[in-house]
Amino acid sequence: MLLRKNIPFKYVFGKIKYEILMVAAYTMLINLLYYRFDFTEISIPIAVPMVLGTVLSLLLAFRSNQAYDRWWEARSIWGAIVNDSRSLTRQILTLTDSPYQAEELEHFRERFVKRQAAWCYSLGQSLRKTDPIKGLDRLLTRRELNYVARFDNVPAGLLLLHGKDLKHALENGWINQYQQVSIDATLSRLCDAMGKCERIKNTVFPATYSLYTHFTVIFFILLLPFALIDSLGFMEIPLVVAIAASFLLIERMGINLQDPFENKPTDTPMTTIATNIEKDLRQMLNEQYEPQVEVRQEARYYLL
């Protein structure tokens, strides 16, 4: 996703440069026919493209709103993933306890927290149709990698490992049944978030609506030079180009926003979010294993 505040001019108009060149050439041709070869009968009333432009504006506004809703829903889902990942880590670090198996419990916590960070990366990569286990060898053990590699849906396999470890913690007495239910509810929310992302990914925007809107944009641009040629002369060329660029950019914006998981510059920044999640989870994990300090210092720390 583009994170810069100032989007490059070249990037914006680079998406429609060929369309703009065709519009400019088309408008120049109409202008030459009218003034050079005296084809004055080709002019039409300006009310014709105005009516069509009004209808087109409504179509583009509806499409842009629907596309933005899909993009914002995707971003909201990933915001919930951030919160649930932190909650899951907090539950694992604070609810599990064992006075006789401290070393084994420490390995359990570390494995669980790192697996959650790996799940965030894996979900983003699977939504973008890239290798879902690429780069996860630094967070998962070899046994875990071999296990999830058998799954078509790797994030689902990682959640299953979470569930198995949760059952193992209950059987070893590290958590009680009430704590298991609480942690499992967090896992269920993560599973729900994954399903919502997959719904957005697999539900395509209606192709017929996109096709009709595109045809309307093209028809409007084709009519515009004939309506402005009487009053503007050669000045209609830059004006038509500017109007056409505005409508084409709005249409292209809707196309880019409607698919937030397609690995485009307007994509939901899943890798950045996953990186921030890993950073937070690692800090929480390290804090849990710091040496004990005096009570006064601990109280001061929590007050801060």
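I started with helix α2 (residues 17-35) and helix α8 (residues 207-232), which pack at an angle of about 40° with axes 10 Å apart. Axes here are lines fitted to C-alpha atoms, over the stretch in contact for helices, and angles run from 0 to 180 degrees between N-to-C directions. Helices are DSSP runs (H or I, at least four residues), numbered from the N terminus.

This is a predicted model, where local features need pLDDT of at least 70, side-chain atom pairs count only at pLDDT 80 or more, and totals for chains, interfaces and linings use all residues. Residues are numbered from 1 along each chain as its sequence is written, and side-chain values use heavy atoms, with hydrogens and water left out.

Next I looked up α3 (47-95) against helix α9 (residues 236-257): about 30°, with the axes 8 Å apart. That makes α3 roughly parallel to α9 (angles under 35 degrees count as such). I listed the contact (heavy atoms within 4.5 Å): on α3 I found Leu56, Leu60 and Trp71 among others, and on α9 the residues include Phe247, Ile250 and Leu257.

Then the cores, meaning sets of buried Ala, Val, Leu, Ile, Met, Phe, Trp, Tyr and Cys residues joined through side-chain atoms within 4.5 Å, with buried being under 20% relative accessible area (1.4 Å probe, protein chains only). The largest has 47 residues, and Trp78, Ile81, Trp119 and Phe261 touch the most other members. α4 gives the most to this core, with 11 residues. Leaving aside neighbours within four places in sequence, I have Trp119 in contact with Ile81, Pro155, Leu158, Leu159, Leu190 and Met194. A second, separate core of 19 residues includes Ile20, Val217, Val240 and Ala244.

Technical notes: Helices (H or I, at least four residues) and strands (E, at least two) are DSSP runs, numbered from the N terminus. Buried means under 20% relative accessible area, exposed over 50%, partly exposed in between (1.4 Å probe, protein chains only). Angles under 35 degrees count as roughly parallel, over 145 as roughly antiparallel, 65 to 115 as roughly perpendicular and the rest as oblique.
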